[in-house]
2 protein chains.
Amino acid sequence: MSSREKATWIAADWGTTNLRIWALDSIGQTIAHRSSDKGMGALAKQEFEPALIDLTDDLLTPEVKTPVIVCGMAGSRQGWAEAPYKTAPCTPPTLTDATQVAAQDPRLTVSILPGIKQIDPADVMRGEETQIAGFLSENPGYSGTLCLPGTHTKWVALESGRIERFRTCMTGETFALLSKQSVLRHGLSAGDLDAIAFREAVTTIFGSPQRLSADLFGIRAAGLVAGLSPEAARGRLSGLLIGSELAAVKDEFDLSHVALLGSDAIAKAYQSALDCLGYSATLLNAETITLCGLKLAYSSYSKVHS
Amino acid sequence: MSSREKATWIAADWGTTNLRIWALDSIGQTIAHRSSDKGMGALAKQEFEPALIDLTDDLLTPEVKTPVIVCGMAGSRQGWAEAPYKTAPCTPPTLTDATQVAAQDPRLTVSILPGIKQIDPADVMRGEETQIAGFLSENPGYSGTLCLPGTHTKWVALESGRIERFRTCMTGETFALLSKQSVLRHGLSAGDLDAIAFREAVTTIFGSPQRLSADLFGIRAAGLVAGLSPEAARGRLSGLLIGSELAAVKDEFDLSHVALLGSDAIAKAYQSALDCLGYSATLLNAETITLCGLKLAYSSYSKVHS
């Protein structure tokens, strides 16, 4: 790898399964965006720095310390260096909350942003706090419910730009396990999903959330004895799980208007579910939101490191 | 293999993952009990008969057709031969409901007992109907709730020995997937389970079943930020799932007294859960119950095949 232009600083989103970096110039423009599969889950402590160098070597200036601002699981206890959680209620972490990492390579000065914990009910996030910071940088002082859909969906109550409380639902992970590995897999389509079956399931389970355990196997049975199509089965499973999640969070979060950070199929499924329950949700482009949050952190770099 | 004594008939419990056979003499005593891992899931149609012969060859009398009575997934569409479901409400299937299989080996005459289906709500069983028959042979005319705990737990409402309705909950399979493969695995003990955490979770979720989706990830979070022990985490996960199941079935089945067919750890967990909710449950030895059901079916053999 070679690059004529060098980075003024580097933003890194370091999750469990992937490392994504952006190299920024002095006016905040992206001169390189790269990623690798060297996520936190695949690395021992001493492998983080080499993994970062692999991706950025040609972007670093010899004999200059280039700031690297990191968010995500790299800051967990099993990560590169532990960045102790901030405790909610709180504003998103800034650079003053970051943990400095002693890098071997003289061209690096690394700061890892902390995640946020909540004591009661117990909950944690690492990485999403930077997305929230990015969202707030575009919506300063926002009050309302923010939802970050994904494998582990986060629900966040924001009050004048402060994180009042949050909740994680592992619906995406549960869907993946049940649809790919349980007995239900035999009756499910590979990808296409019947929207009507989805909405019916959302409505039913939201009204009677106690039925979930009994209704799951019913998907398989309806395929065997009532001709439920694989697409409808997939829609029903997704609807049952997302509808249950909405029933779980509805007392804690105002669902009347939800800002949904994402525009992929999962985000659209949440929007559709909220819509058929009479709520409304706005999809927001989340592609650059992590970078926005990291930029916000970097904006105080000269102040913090002077 | 060789054996001096030959079987008068053979009972076979042919599930998805295992084949278990008993060879019986003329007065119903077991002369051999064997099993193999040649379950339905591992076999193509033409492999069933060889798998049976493998296990029984030395027990068969030359030039005599030995009756083989089969229950379980061998009778499914993907099995040896489809034994079409009986439809609930109904009494357990008998030999007159069985499907005859044309065996190649002249020493075999094979009957496969059907399972039971239910149209609304959609549900199915294959194998458990024979356990129910065995239970009823020891408890003739029983009325009340019978629970068959397992990977897919069956709840059965019996009325004077008739199956009025039933429900399958895939709680055991869900627990296995979440405890071994989801993010929760990081905080869970391998086997030991905190009984107090189990009972607390059962009580909480039974009273507020809509909380399930939010409380699952809370197990992991409580391990990270509130020092929840791995044993308590395992107890809480098990309690949340079984408590949710009880909330799901409580309107359809009388839980005030439940006959639990089983005496293993899973059956005991259901007993403990019912107990802490103020219900009562009796554990019944289920080891020989399938054989009892198959014997009951065989008892009419000479009448049916004369």
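How many residues of chain B are in contact with chain A? Before the count, some conventions. This is a predicted model, in which local features need pLDDT of at least 70 and side-chain atom pairs count only at pLDDT 80 or more, while totals for chains, interfaces and linings use all residues. Residues are numbered from 1 along each chain as its sequence is written, and chains are lettered from A and ligands numbered from 1 in the order in which they are written.

Now the count: 36 residues of chain B are in contact with 36 residues of chain A, where contact means that C-beta atoms, placed from the backbone, lie within 7 Å. Two or more residues each on this side of chain B come from β9 (123–125), β12 (162–169), α3 (171–181), α5 and α6 (230–249) of chain B. Helices here are DSSP runs of H or I with at least four residues, strands are E runs of at least two, and both are numbered from the N terminus. The largest share, 10 residues, is from α5(B). By class, the side of chain B that touches chain A has 21 nonpolar, nine polar and six charged residues. Ala, Val, Leu, Ile, Met, Phe, Trp, Tyr, Cys and Pro count as nonpolar, Asp, Glu, Lys and Arg as charged, and the others, Gly among them, as polar.

In chain A, three strands form an open sheet in the order β5-β8-β9, with mixed pairing; strands pair if DSSP finds at least two bridges between them. The edge strands are β5 (86–87) and β9 (123–125) of chain A, each pairing on one side only. β5(A) runs parallel to β8 (residues 116–118) of chain A, joined by two bridges, and A:Thr87 stands opposite A:Lys117 in β8(A). Helix α5 (residues 212–225) of chain B packs on this sheet, touching β8 and β9 of chain A, and its direction makes about 85 degrees with that of β9(A). Axes are lines fitted to C-alpha atoms, for helices over the stretch in contact, and angles run from 0 to 180 degrees between N-to-C directions.

Technical notes. Contact = placed C-beta atoms within 7 Å.
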